[in-house]
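Take a moment with the sequence and the model below.

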Amino acid sequence: MSKGYFVLMLHAHLPYVNHPDFPEFMEEKWLFEAISETYLPLLRVFRKLKQDNIPYKITMSITPPLMEMLSNRDLKRKYLSHISKLIELSEKEVKRTADEHPKKHKMAKFYLEDFKALKELYESINGDIVSAFMEFQRDGNLEIITCNATHGFLPLMARYPEAVNAQIKLGVDTYRKHTGTQPKGIWLAECGYMPGVDEHLKRNNLSFFFVDSHALWFSEPTARYGVYRPVITPSGVFVFARDPESSQQVWSAEIGYPGDSRYREFYRDVGFDREDWYVAPYVDPSGERHNTGIKYHKITSKDVGLNQKDYYDIDEAFNATKEHAHDFATKKRDQIQRLYEAFDGVEPVVVAPFDAELFGHWWFEGPKFIEEFFRAIAGIKEITPATPTEVIGHIKTIQEVTPAASTWGANGYNEVWLNGKNDWIYRHLDEMIEKMIFLAREYYNEKDSLKIRALNQMARELLLAQSSDWAFIMTTGTTVEYAVNRTKTHIKRFNDLLNRLKNNTLDPNELETLEWIDGIFKDIDYRIYAG
């Protein structure tokens, strides 16, 4: 007898990085790595589960920038070039490792066959990853939801309801454009919620969203079942909250499964290990090295340096994956049983949200873990895997609460996106929002096509500058120069267009270039900012 529901939520997102004016651009590899390491491997897992008639339910947000990039013709062409180069490099590695170490040689042969298979899969779906995922939504095993337009951090836009609504409306419109259907739910960027945002969700016909645990721990009134039952806001939108136990078991840097000594080490890669002359054709043309995805070492121990790591064995790692998947399934069964008894027979809903890119990109064996987990719980009658829409359909009573403001960032609030390293961006973003709202109203009935195009491009520059990724990168210190440059570039392009609009000096050629370079949301209408 089922005692409760388990909701696995994967948030797939990358910032909009598209440089059609360059034959290669290093940050575009973020997308190519995610395609090879996460999105295509997840498709393979879904196909295997379907083929074997294993019941599984996954919720997946594919953000608007990601949908736009996955369907971009130039990026699709560049991805095929990228994977072809990896096949070429792995062919060299098969020859080179034959005289090095048997485990390296075994993995080199694995990479060669795997890259070929990934390319074949990508070509078989004509590079249309979103449509390939939609097949599983039609089967009822996958529920794809949307996210706000450019992953803008909504809590810091709260003063401007027009900007919040524009982010959400464009998220819904972009989902419709790429899937032909209306999304039922949304993942708010960075799980960032503040009271009142649910009114915009209702306005855009969204029926549910997710929050971090403390949004319900500190809700008004207190959520009776804590994070283990959805609630409904006064606006009539359902809320699902993150289960901290599940997050810790999978995501924790200290005790999470991905840190097991048998798993592949992320930070050892031939992109850094081989000679300059050898890797030069496979790294950035500037000579700056980066990961290639060909890695020969396992984590071994957290106490040893990168140069002391042992060689990786994929069979040993996949055995670990099965152990961990069964352990997680057992823990979920015990947790649901415990909650069911504590709730006097009311079925708990355990929600486990993660970044999709954890599975495959950061944790190489992650897609295999998902596959093994659903195989494991197929034999556990106490757990019912479900999507949020299915849970909502089964709920007979629901408590109305107002969740507390919250995010899933460090310490649970806004400090990742607002601190001494990135606070300078907000005076510019706020000024752009105010100008955009004014212009949308001032030019609401504009008929001049050149001015309309300029206003639409200004809306794109504002939205691209609002991506939460830039503030996040400035805080974490990874590729700060790129994040700062992107922010300043979009601010400058917005203001340059504004000056030309005011002075009636718009240049069609210059505008066409901007529409090409920052060409997200082709069908945008700046009037969404009119309120």
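Accessible area is computed here by the Shrake-Rupley method, with a probe of 1.4 Å. By that method, the protein chain exposes about 21,700 Å². Carbon and sulfur atoms supply 50% of this area. Keep in mind that you are looking at a predicted model.

Now take in the overall build. The protein chain has 19 helices and 9 strands. Its radius of gyration is 24 Å, close to the 24 Å that the globule rule gives for 531 residues, so the chain is as compact as a globular protein of that length. The C-alpha trace spans about 70 × 65 × 45 Å along its principal axes. Of the 531 residues, 60% count as buried.

How much of the contact pattern joins residues 24 or more positions apart? Take the contacts with a separation of 6 or more: such residues account for 79% of them.

Next, the domains. The chain is divided into domain 1, residues 4-400, and domain 2, residues 423-529. Their centres, taken over C-alpha atoms, are separated by 30 Å. The two domains touch: 32 residues of domain 1 are in contact with 27 residues of domain 2. A UniProt annotation covers residues 428-529 and reads "domain: 1,4-alpha-glucan branching enzyme C-terminal"; it comes from an unreviewed entry. Over residues 428-529 the chain is 73% helix and 0% strand. The end C-alpha atoms of that stretch are 17 Å apart.

What about the interior? The largest nonpolar core has 163 residues. Within this core, Tyr39, Leu40, Phe133, Phe374 and Tyr529 touch the most other members. Helix α1, residues 29-51, gives the most to the core, with 11 residues. Domain 1 and domain 2 both give residues to this core, so it lies between them. Apart from this core lies another one, of 20 residues, among them Met9, Ala189, Phe210 and Ile392.

Look at Leu40 in more detail. Leave aside its neighbours within four places in sequence. Leu40 is then in contact with Ile35, Tyr79, Leu118, Leu121, Tyr122, Ile125 and Ile129.

Helix α1 also holds Gln51. Is Gln51 buried or exposed? Its relative accessible area is 65%, and exposed means over 50%, so Gln51 is exposed. The C-alpha atoms of Gln51 and Ala117 are separated by 18 Å, and the two residues are 66 residues apart along the chain.

Buried means under 20% relative accessible area. Gly4 has 0% relative accessibility, so it counts as buried. Its contacts, not counting residues up to four places away in sequence, are Ile336, Glu347, Pro348, Glu382, Ile383 and Thr384. Gly345 is 341 residues from Gly4 along the chain, yet their C-alpha atoms are separated by 9.5 Å.

Now turn to two residues picked out by a record. Which residues does UniProt list for "active site"? In an unreviewed entry, UniProt lists Glu190 and Asp355. They are spread over 166 residues of sequence, but they cluster in space: the largest C-alpha distance is 10.1 Å.

Find Glu190 first. It lies in the loop between β4, residues 185-187, and α7. Its relative accessibility is 10%, so Glu190 counts as buried. Setting aside neighbours within four places in sequence, Glu190 is in contact with His151, Phe153, Thr407, Trp408, Trp417 and Ser468.

Then find Asp355. It lies in strand β8, residues 349-355. Its relative accessibility is 29%, so Asp355 counts as partly exposed. Not counting residues up to four places away in sequence, Asp355 touches His11 and Trp408.

Last, move along to helix α7, residues 197-203, where His200 is found. Why does His200 count as buried? Its relative accessibility is 13%, and the cut-off for buried is under 20%. His200 touches Pro161, Val164, Asn165 and Ile168, again not counting residues up to four places away in sequence.

Note on methods
Residues numbered from 1 in each chain as written. Predicted model: local features only at pLDDT ≥ 70, side-chain atom pairs only at ≥ 80, totals over all residues. Heavy atoms only, no water. Helix = DSSP H or I, 4+ residues; strand = E, 2+ residues; numbered from the N terminus. Buried < 20%, exposed > 50% of the residue type's maximum accessible area, 1.4 Å probe, protein only. Contact = heavy atoms within 4.5 Å. Core = buried A, V, L, I, M, F, W, Y, C linked by side-chain atoms within 4.5 Å. Domains from an automatic or database assignment. Rg over C-alpha atoms; globule rule 2.2 N^0.38 Å. UniProt positions renumbered as here; feature names shortened; annotations may be inferred.
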